[in-house]
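Colleague: I would like a close look at one part of this model, the charged side-chain pairs. Please take them in turn.

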Amino acid sequence: MDKTKIHKMWIADQGDGTYTNPILYTDYSDPDAIRVGEDYFMIASSFCNTPAVPLLHSKDLVNWKVINYIIDKLPFDYYDKPVHGCGTWAPAIRYHEGTYYVFIPMPDEGIMMCKTTDPFGKWSEPAYVRKVVGWIDPCPFWDEDGKAYLSHGCAGSRAGIKSVLFVAPMSPDGTKVIGPSRIVYDGHEDQPTIEGTKFYKRNGYYYIMSPAGGVKYGWQVELRSKNPYRSEERRVGKECLRL
């Protein structure tokens, strides 16, 4: 064997308190991450591949390990064969009152949710939060008053509309959308292809953080408001870092 052709596994951790980019030398599309205590968990899109939606764990945001998959098998027989461009798109992971939730958009089927109290163990079977074509990039949010919301975008290839962000009321148990989606931001003029919603609240303000501009040349947009159904302030690109 020609030893010059042997490649070592990429390790970002330099062992001296520093690291080298990229931290993960592979493609984890549409990642989302949370911290629970001293643990970090990250998920990513997996499209038509199964098992679906990889779950990674880290203690320091540098050393990551795949510990699980959220879905063992996509719940539709036609995914027994490759269906490129379909399947699980940008998912969201959140932790609320002792339970881990993963919301998974399937643009041709709807928004699904899996949950568990042990992320290293078995996750619940995917169940519809909203059976609908074209909804993508959801993110759940639980407010201090007990109300819950779901932000999302739309895929132009399925819904006939894109570049618009929505917020819908959600049941507090995270199992279903309980009212109509309201437009919180229309990006057609200034932020085309805005999508990938991440919903937060800090110091009384609701934030929706989203990429815009498309995959190749995109930028980051942050929307802020005192009302979960509005976007009263906006910052773009490097301005987001100052919020």
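Which side chain meets that of glutamate 232 in a salt bridge?

Modeller: This is a predicted model, in which local features need pLDDT of at least 70 and side-chain atom pairs count only at pLDDT 80 or more, while totals for chains, interfaces and linings use all residues. Residues are numbered from 1 along each chain as its sequence is written, and side-chain values use heavy atoms, with hydrogens and water left out.

The partner of glutamate 232 is arginine 230, at 3.7 Å from N to O; a salt bridge here is a side-chain nitrogen of Lys or Arg within 4 Å of a carboxyl oxygen of Asp or Glu. Glutamate 232 is partly exposed at 46% relative accessibility, whereas arginine 230 is exposed at 51% (buried is under 20% relative accessible area, exposed over 50%, partly exposed in between, with a 1.4 Å probe and protein chains only). Elsewhere, salt bridges with shared partners join Asp32, Arg94 and Lys198 into one network.

Arginine 234 forms a salt bridge with aspartate 190, at 3.6 Å from N to O. Arginine 234 lies in strand β16 (residues 233–236) and aspartate 190 in the loop between β12 (182–186) and β13, so this pair ties together parts 44 residues apart in sequence. Strands (E, at least two residues) are DSSP runs, numbered from the N terminus. Both side chains are partly exposed, arginine 234 at 39% and aspartate 190 at 43%.

Lysine 201 pairs with glutamate 144, their closest N and O atoms being 2.9 Å apart. Lysine 201 is partly exposed at 28%; glutamate 144 is exposed at 66%. The whole structure has 12 salt bridges.

Technical notes. Helix = DSSP H or I, 4+ residues; strand = E, 2+ residues; numbered from the N terminus.
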